[in-house]
Amino acid sequence: MKSKKLIALWTAVTLMGTMAGCKSSGTQGGESTSVNLPGIDTIKLGEDYQDIQASIKILTNRTDIVDTVYKGYAEQFMELYPNITVEYEGITDYEQSLNLRLPTGDWGDICYIPTSVAKNEMSEYFAPLGDYATLDQIYNFLSDKNFGGKQYGIPNGGTAGGVIYNKRIWKEAGITELPSTPDEFLDCLQKISDNTDAIPLYTNFSAGWPMGAWDQYIGISATGDPDYMNNTIVHTKDPFTKRDDMTGPYAVYYILYESVKRHLVEDDPASSDWEASKGMINKGEIASMVLGSWAVDQCKAAGSSPEDVGYMPFPITVDGRRYASGDGNYAYAINNKATEDNQIAAMVYLKWLLEESPIFKDEGTIPALKNEPLPDSLSEFQGVEIIANNPSPEGEETLFNDVNNESEVGINNNDYPDCEILESALYGTRDLDTIMAEWNAKWSAAQESLGVALLEN
């Protein structure tokens with residue numbers, strides 16, 4: 001099934017070429033040429049492709065550091081490969097812009113794969129980086145961007161699912177032990193509201209995408225099941241139903257709904273400010289935000305009190321144990337419409353960025369390489385099992401996307417459902433059970449329409 005965000009474009013834009021094996025189509029002077037790319041694992045940095053002459057462009061959503069930090073990476077790389085020129089382009093409305101630019105083929109050489117691109121669509125835009133089975137032994141978090149045994153994207157490191165919090169404010173509120181259940185977390189937010197001037201939980205509703213971040217917690221963090229997101233939920237009847245032990249998707253959305261209903265969030269979510277929120281949590285004006293660990297270093301760097309910024313596990317316990325999903329960030333991919341030299345140069349730069357640049361230390365994220373240590377931001381995750389999602393079973397690589405899109409629930413690719421939860425709680429228009437029942441009905445209808453076999457209870 002085509003992504004609903006891109007489908008309208010297919011009536012107006014004819015895409016060029018598809019890839020098979022490790023070949024891709026490169027466009028030069030309007031003509032399509034066959035490109036035999038090396039696997040990224042085979043490249044020897046500093047030795048191979050020293051004679052390649054190319055100028056490559058990388059698209060990024062990090063507009064805040066594109067002209068400083070990322071420019072510095074490019075300069076470091078060009079000392080090693082002086083014949084390859086590297087340029088970054090920062091894009092504010094990244095997802096929307098890429099949805100329009102990708103089909104043209106004329107957008108640059110490396111980008112982050114937009115969330116709207118389904119697995120079975122990746123080969124239409126991107127060059128294969130190598131075999132999944134081989135690269136999975138080297139890099140973290142690959143399962144989401146492979147299809148048919150080929151790897152089309154490698155994440156820019158990874159993030160663990162938890163909650164950013166201001167340690168000083170939580171202590172001033174009288175909290176001596178971090179919460180491990182949804183109700184304990186809500187009790188802590190109430191103490192913060194009663195005993196401090198800080199906003200207990202900042203939703204960042206106005207930015208939109210932070211609301212979609214809640215979807216990241218309904219899998220491993222809420223179930224402890226690495227198969228949940230790419231297999232179990234697709235075959236489960238009524239997956240959004242409340243469980244007696246307060247685990248699973250319902251428990252995640254319960255925290256969001258109740259936080260808003262109990263007025264434990266910003267007074268006017270519609271006027272929230274993402275960039276300002278990083279400094280506000282650093283200063284203690286905000287007590288907590290539900291975001292991946294990637295945001296910790298940004299919050300630490302946004303003020304004069306980085307020591308106050310901490311990161312706690314998400315407050316759900318499964319059979320006495322705590323889990324965190326180790327998920328990949330945006331995945332780098334290479335334009336299969338670029339010229340052969342540009343594709344090879346892009347592959348060389350991507351390998352350098354993933355393996356030799358200081359990007360993961362600078363951003364405080366889980367490194368792409370499996371043999372590298374976890375970042376300091378996860379020091380409070382002692383006893384928490386950090387695991388990644390397993391890939392979909394063979395033959396069902398697109399089934400989650402199919403059910404998700406058909407149902408229009410929009411998990412992980414549409415911020416609106418999570419915004420709908422906040423708005424319902426804020427205005428008292430619907431309770432959470434009603435919303436979850438509607439999601440279950442939509443999910444069931446999609447399963448039936450697509451002939452999905454259900455798990456036995």
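## Basis

The model is predicted: local features need pLDDT of at least 70, side-chain atom pairs count only at pLDDT 80 or more, and totals for chains, interfaces and linings use all residues. Residues are numbered from 1 along each chain as its sequence is written, and side-chain values use heavy atoms, with hydrogens and water left out.

## Nonpolar cores

A nonpolar core is a set of buried Ala, Val, Leu, Ile, Met, Phe, Trp, Tyr and Cys residues joined through side-chain atoms within 4.5 Å; buried means under 20% relative accessible area, with a 1.4 Å probe and protein chains only. The largest such core has 83 residues, and Ile164, Trp170, Ile192, Phe314, Ile411 and Met436 have the most contacts inside it. Helix α11 (residues 248–261) supplies the largest share of this core, 9 residues. Helices (H or I, at least four residues) and strands (E, at least two) are DSSP runs, numbered from the N terminus. Another core, of 59 residues, lies apart from it and includes Leu37, Val86, Trp107 and Ala127.

Beyond neighbours within four places in sequence, Ile411 is in contact (heavy atoms within 4.5 Å) with residues including Met229, Ile233, Phe240 and Trp443.

## Helix α10

In α10 (residues 228–235), 7 of 8 residues are buried, among them Met229 and Ile233. Their cover includes α9 (220–223), α11, α16 (399–407) and α18 (432–450).

## Helix α12

In α12 (residues 274–283), 7 of 10 residues are buried, including Trp274, Lys278 and Met280. The N-terminal end is capped by Asp273, with a side-chain oxygen 3.2 Å from the backbone nitrogen of Glu275. Just after α12, Gly284 has a positive phi of about 95 degrees.

Notes:
Buried means under 20% relative accessible area, exposed over 50%, partly exposed in between (1.4 Å probe, protein chains only). A polar contact is a pair of N or O atoms within 3.5 Å; within protein, one must be able to donate a hydrogen and the other to accept it, and residues adjacent in sequence count only if both atoms are side-chain atoms.
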